[in-house]
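My notes follow the order in which I checked things.

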Amino acid sequence: MITAYCSDCKPVEIRDLSQGSLRDDVMWIDLVEPSRDEEMFVERVLGIEVPTRDDLKDIEPSARLYVENDAVFMTASLVWKVETDAPTLTDVAFILVGKRMVTIRYAQPKSFSLFIAALHRVPQQWRSGAALLAKLFETVIDRTAEILELSVARIDILSTHVFGDRARKVRKPSNYLEEKLRDIAGHHRLVSKIRDSLASLSRLMTFFYNVPAVQQDRDTKELCRTVSRDIQSLNEHASFIAGNITFLLDASLGLINIEQNSIIKIFSIASVVFLPPTLVASIYGMNFEFMPELHFAHGYPYSIGLMVLSAIIPFFFFRWKGWL
């Protein structure tokens, strides 16, 4: 699908691919999952070679950031599906052709819908290709910051669930911490994707800042510098969050270890406590011919009392040592 945005910020879906030109006031061409015919239409009216879906996946910097025939081609990885359990990255191409910008995407990142919704609020002097592209990058970074803040809030809640309320001793299911480990892994995946996205955006902004169209516009140049600073700040913030997630992961594994050690400790103490009574019972169960105690009139209660006493003494000894 091809949607064109004119200087009045109203979207116009292009259905007639036979036309050989565009209106002069078209400032943004947005291609969403374009077909080959739609790509050929854009190539024909703009005189550029549109990168394909496979081209967007190329990780070489020379294939993601380059200038060809006075057109600036840039590709960045944006976070997508952050509301799901499987956040991922989607590659988006940004092309600056004269006073127009072109975007090619095969997903629906929320930053685009936010930018489109606020497009009418962009001042008239910002309605050019380079300026709009800088504004779009600003929206992408704002959305990334929002995702990070949302992630921080969720991690705080998860931390409360992991460590619990010490004042309230509530019995938890046996696999409670194992389930929290899956949640921690999900947050780690999201933050990792955000850091990868910020790395690609940082390289893109360094390249975009040196584009002549940006250097010639003071306001656009200043906005690009601000966006670059924001990317650096978000990178540091993402690193801090990643450190918190690592701590939470280590703490969860430590708590699981403590629980397992407590269970093993209970079994160990139980086996040690019942070992002396078992020894007494084994001695008097040997049935040798010459065992004087077998002929005692009160031999049975004597042996029972001896077994109970041999179990009580180790128990109180452990309590005295503080092992229980």
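This is a predicted model: local features need pLDDT of at least 70, side-chain atom pairs count only at pLDDT 80 or more; totals for chains, interfaces and linings use all residues.

Next I looked for a partner. The side chain of Arg229 meets that of Glu222 in a salt bridge, 3.9 Å from N to O. That value is within the 4 Å cut-off. Glu222 has a relative accessible area of 36%, so I put Glu222 down as partly exposed too. Which residues are linked in the network here? I wrote down Glu222, Arg225 and Arg229, linked by salt bridges.

How many salt bridges does the structure hold? I found five. One of them joins the side chains of Arg105 and Asp30, at 2.6 Å from N to O. I then checked where the two residues sit. Arg105 is in strand β7 (residues 100–105) and Asp30 is in strand β3 (residues 26–32), so this pair ties together parts that are 75 residues apart in sequence. Are they buried or exposed? I noted Arg105 as buried, and Asp30 as buried as well.

I went on to Glu146 and Arg143. Their side chains meet in a salt bridge at 3.3 Å, N to O. Both belong to helix α5 (residues 129–163); they are three residues apart there, so about one helical turn separates them. I compared their cover next. Arg143 has a relative accessible area of 9%, so I filed Arg143 as buried. Glu146 is at 41%, so I filed Glu146 as partly exposed.

**Strands β4, β5 and β6**

I turned to the strands. Strand β5 covers residues 71–80, and nine of its ten residues are buried. I called β5 mostly covered. Which strands pair with β5? I found strand β4 (residues 65–68), antiparallel to β5 over four bridges. I also found strand β6 (residues 88–97), antiparallel to β5 over ten bridges.

I picked out facing residues. Tyr66 stands opposite Phe73 in β5. Val79 has Leu89 in β6 as its bridge partner. Then I looked at the turn. β4 and β5 form a hairpin, with two residues between them. In that turn, Asn69 has a positive phi of about 55°.

I checked helix α1 (residues 36–46) for cover. Its buried residues include Phe41, Val42, Val45 and Leu46. I also listed Glu38, Glu39 and Glu43 among the buried residues of α1. Just after α1 comes Gly47, with a positive phi of about 70°.

My other helix was α9 (residues 299–321), where I found Phe315. Which residues make the nonpolar surface patch? I listed Tyr300, Ile304, Val308, Ile312, Phe315 and Phe316. The patch is about 590 Å².

**Whole chain**

I finished with the totals. The chain has nine helices and seven strands. Of its 324 residues, 39% are buried. The accessible surface comes to about 19,000 Å², and carbon and sulfur atoms account for 56% of that. I looked up contacts last. I took contacts between residues at least 6 apart in sequence, and 64% of these join residues at least 24 apart.

Conventions:
Residues are numbered from 1 along each chain as its sequence is written. Side-chain values use heavy atoms; hydrogens and water are left out. Patches are made of residues with over 30% relative accessible area and no salt bridge: like charges are joined within 9 Å, nonpolar side chains (Val, Leu, Ile, Met, Phe, Trp, Tyr) within 5 Å. Accessible areas come from the Shrake-Rupley method with a 1.4 Å probe; for residues, only the protein chains shown count as cover. Buried means under 20% relative accessible area, exposed over 50%, partly exposed in between (1.4 Å probe, protein chains only). Contact means heavy atoms within 4.5 Å. Two strands pair if DSSP finds at least two bridges between them.
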